[in-house]
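Please have the sequence and the model open while reading.

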Amino acid sequence: MSLEARQLHPFFAGELTGVDLRALRTEQERAEIRALMDRYAVLVVREQQFSDEEQAAFARGLDGELVTKVGRSVIAPAARLKEPGLTDISNLDENNAILERDDRRRMYSLGNRLWHSDSSFQQPPARYSMLSAKEVPTSGGESEYADMRAAYDALPAALREQIADLRAFHSIIYSRSTIGFTEFSDAERAQFPGAEQPLVRVHPGSGRKSVYIASHASHIVGWPVPDGRLLLRELMTLATLPQFVYRHTWRVGDFVIWDNRCTMHRGLPFDETTQRRDLRRVTTIDA
Ligand code: MN
C-alpha cells in the first residue's frame with residue numbers, strides 16, 4: 001500500500017482518504033503514516049470507527065509509549081472513559097450528562113482554548129496526539145492548528161538569532177492561572193512541577209527548525225520574568241498569525257493526528273449549555 005494525502009493548507013495539514021486505520025498492521029504501513037506526519041504535521045482521516053481500545057492500540061503501534069497521566073488529578077474523578085490510555089476531551093460527566101457551567105473539570109478544560117502544545121509542561125513532552133470524534137456540536141467547537149515550522153521560517157532573522165539557544169519554562173499551573181483558574185491542590189502542584197524546553201527545536205523527521213512555545217510557557221530561563229514573558233507573547237502572536245493556521249471542523253468519526261513538536265492547537269468555543277462535544281485523545285511520549 002502507498003498512502004497519499006491531499007494537502008489542506010498552503011503550509012501543512014493533509015487529509016488521508018480510503019483507509020481504515022484499524023486495518024493497518026505492517027511496520028511498512030506505519031512507517032508511511034509517520035512519513036506523512038513528518039511532511040504534514042497534521043493528518044485528518046475521516047470516517048474512522050475506533051473503539052477506545054482500538055484507538056489506544058493504534059497509537060501504541062504507531063509510536064510506542066502513551067501519556068496517561070496528563071490532567072488526571074483534575075479529570076480522573078469523572079472516569080467516564082475506562083481505557084487507561086485515553087484522555088477525555090469532552091464537556092460530559094461520568095453519567096454522560098453535560099457538565100455544569102461551574103464544574104471544576106470544565107473550568108480546567110477551558111485551558112484548551114489557549115494555544116498550546118500537549119504536555120509541553122512535562123518531561124518528556126508529547127509527540128503525537130490523536131483525537132477521535134464521537135459527538136460534535138452543530139456549530140462551533142472546531143480545532144485550530146498552527147504550523148510552528150512555517151512560523152519559524154517567517155521570523156525576522158534577528159529574532160531567530162536571539163532565540164536560538166534560549167529555553168522556556170512551561171507550567172500548566174501558570175497557563176491555567178492566566179485565565180483565572182488557580183484552584184490547584186498542593187498535591188496537584190506537586191504533580192505538575194513544570195519543565196524547561198528549548199525555544200527552538202529541530203524536527204527530526206523533516207530536519208526543519210520549529211518554534212516550540214505554548215500558553216504553558218511562563219518565562220525564559222535566566223531572564224527577568226517580564227522580559228521573557230514579553231518575548232514569549234511576541235512569539236505567540238507571530239506564530240499564530242492567520243496564514244499559519246488550519247481550522248478543522250469536526251464530523252463524527254473524524255480522526256486527527258498532530259505532531260506536538262512542530263504545531264500548536266486550540267479548541268474554539270461552542271454552546272456548552274446545550275451542545276455535546278465528545279472527543280477522545282491518545283497521546284504518545286516524545287522520548
Ligand atoms: Mn491539547
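Aspartate 118 has a relative accessibility of 3%, under the 20% cut-off, and therefore counts as buried. The model is a predicted one. Aspartate 118 is also one of the residues that coordinate the manganese ion.

**Manganese site**
- The manganese ion is coordinated by His116 through NE2, Asp118 through OD and His265 through NE2, at 2.1 to 2.2 Å.
- Along the sequence, the spacing of these donor residues is H-x1-D-x146-H.
- Histidine 116 counts as buried because its relative accessibility is 5%, and buried means under 20%.

**Largest pocket**
- The volume of the largest pocket is about 260 Å³.
- Its lining is made up of 14 residues, and those closest to the centre are Tyr174, Thr178, Ser215, Ala217 and Met236.
- At least two lining residues come from each of strand 12 (217–220) and helix 9 (225–239).
- Helix 9 contributes the most to the lining of the largest pocket, with four residues.
- Sorted by class, this lining holds seven nonpolar, four charged and three polar residues.

**Alanine 35**
- Alanine 35 sits in helix 1, which covers residues 27–40.
- With a relative accessibility of 44%, alanine 35 falls between the 20% and 50% cut-offs and so counts as partly exposed.
- Alanine 35 and arginine 113 are 78 residues apart along the chain, and their C-alpha atoms are separated by 29 Å.

Notes
Residues numbered from 1 in each chain as written. Predicted model: local features only at pLDDT ≥ 70, side-chain atom pairs only at ≥ 80, totals over all residues. Heavy atoms only, no water. 1 Å grid on protein atoms, 1.4 Å probe; cavity = no way out; pocket = protein on both sides within 12 Å on 5 of 7 lines; lining within 4 Å. Points joined across faces, edges and corners; volume = space filled by probe spheres on them. Nonpolar A, V, L, I, M, F, W, Y, C, P; charged D, E, K, R; others polar. Buried < 20%, exposed > 50% of the residue type's maximum accessible area, 1.4 Å probe, protein only. Donors = N, O, S within 2.8 Å, 3.2 Å for Na, K, Ca; no water.
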